[in-house]
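This briefing concerns the strand pairing and helix packing of one protein model. Please view the structure below before reading the points that follow.

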Amino acid sequence: MKRNVQSTLITLLLIVLVAAGCGKAEEGKGNNAAKGDDIVKIEFFQQQGEEAIQNAYRAVIEDFSKEYTNIQIDMNTVPDSVKVLTARVASNDIPPLFTDYPTQLQFKEKVRNGYIEKLSGQPFIDTVNKSYLAMTPAEDGEYYSLPYARNYMAVYYNIDMFADNGIEIPTTYAAFIEACKTFQSKGITPLYLPLKDIGHIFQATNIAYVPGGVEEMVKVEKGEGAVEGNPAFLEFADKLKELTAYANEDAFGASAAMMQEAFANGQAAMIISGSYGRGNIKLANPNLTFGAFPLPNDTLETTTTLSGVNAALSVSAKATPEEKEAAITFLNYLARPEVAQKWSDLSGEPSIIAGTVYDDANLQPLLDFIDQGNVHDWMASTLSSAVVTELYSTTQEYLLMKLSPEQYLKNIDETIKLNAVK
């Protein structure tokens with residue numbers, strides 16, 4: 001009987017010691033967003049579909065999960081992400097963590113309606129480049145996102161093709177067209193256009209060729225003007241149509257992804273693409289030597305480049321406290337210089353987090369041009385998203401149906417008025 005009592009006491013003592021040891025082990029883990037051993041799982045609704053950008057997020061999420069063992073980030077990227085997110089917000093099914101565009105009107109509307117968590121005062125806000133951070137406050141002057149990168153639209157060019165054919169980087173529209181003619185005369189496709197995905201081409205060319213054009217369309221939206229008969233818009237329409245004369249034959253069936261791959265494989269001398277395309281090009285052909293320059297207007301002085309904030313991350317105001325804590329922990333992690341640098345290197349996008357560099361000398365002249373301030377933000381920052389989206393179709397119809405520039409401008413006015421926010 002005494003032996004049984006002793007055995008029981010020894011067993012109990014062992015259980016206590018093991019439990020104490022486990023407690024110390026758990027204390028040593030640290031970095032857990034949730035109390036105890038529960039894993040907090042949060043959806044990360046990521047709107048950029050480019051393969052390189054998705055790969056970059058996957059890589060940093062994998063690193064994050066090793067350090068923060070109680071937080072699971074599940075990235076979700078879907079086609080038509082803008083429409084999907086809008087529908088989910090309307091049905092009160094807001095992802096706890098998502099990317100969005102803080103300079104756009106639709107984002108400010110979400111803030112106004114209380115859907116997005118205020119992030120002012122969070123440590124990561126102080127890591128953002130001040131000039132780009134200054135673009136993002138909401139109407140109340142507060143910050144509701146972590147701006148993570150800047151973007152641009154530019155002309156990517158094959159450096160070897162330019163050198164082999166004795167062509168210098170054009171700084172005027174006339175020189176750009178001359179370069180196209182030279183390439184075409186030598187059997188080289190000058191410009192690969194993805195007119196199936198015409199949206200960003202429309203925005204880049206309109207902003208390049210019509211300084212102040214977006215503001216003119218805002219007047220139409222407010223019922224205060226028209227672009228019909230506007231000489232600058234007529235010139236834009238002529239230039240846009242002229243570009244198609246030097247493009248790939250299958251332009252209307254080509255997507256942006258097809259454009260990037262074709263350029264990477266040497267099928268064209270130039271493309272008009274965004275910073276988001278750089279990573280995909282490098283994935284498709286790591287050995288390609290390419291640079292970028294602003295899409296030129298008639299003179300360098302009148303040239304404006306499309307550039308703004310991209311890849312901004314926000315937290316849902318409707319998320320649970322545990323989800324909010326986990327999401328903010330992830331944002332603080334992303335804002336570390338070494339993490340932001342890794343993301344930038346993998347995605348191809350220029351980071352705006354302090355302590356990072358955009359290590360590509362062939363793109364530096366473009367960034368220097370942008371830093372001089374000759375830029376305009378994306379159209380949806382001043383026009384409603386519905387108007388901008390429908391203008392894509394209007395522009396596609398103009399080129400596909402070979403309408404006159406005069407008819408195109410009439411259609412622009414009608415599209416804006418029909419889709420203006422009442």
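Ile42 has Ile73 in β2 as its bridge partner. The model is predicted: local features require pLDDT of at least 70 and side-chain atom pairs pLDDT 80 or more, while totals for chains, interfaces and linings use all residues. Residues are numbered from 1 along each chain as its sequence is written, and side-chain values use heavy atoms, without hydrogens and water.

**Sheet**

- Strand β1 (residues 40-45) pairs with β2 in the parallel sense over 6 bridges; pairing requires at least two DSSP bridges between two strands.
- Strands (E, at least two residues) and helices (H or I, at least four) are DSSP runs numbered from the N terminus.
- The open sheet has 4 strands, ordered β2-β1-β3-β9, with mixed pairing.
- β2 (71-76) and β9 are the edge strands, each with a single partner strand, so one side of each lacks a neighbour in the sheet.

**Strand β9**

- Strand β3 (residues 97-100) and β9 run antiparallel and are joined by 4 bridges; Thr99 has Leu313 in β9 as its bridge partner.
- Both faces of β9 (residues 312-315) are covered, with Ala312 and Ser314 buried on one side and Leu313 and Val315 buried on the other; buried means under 20% relative accessible area with a 1.4 Å probe, protein chains only.

**Helix pair**

- Gln260, Phe263 and Ala264 in α11 meet Tyr276, Gly277, Asn280, Ile281 and Ala284 in α12 (contact: heavy atoms within 4.5 Å).
- The residues of this contact comprise 5 nonpolar, 3 polar and no charged; Gly counts as polar, and Asp, Glu, Lys and Arg count as charged.

Terms used:
Buried < 20%, exposed > 50% of the residue type's maximum accessible area, 1.4 Å probe, protein only.
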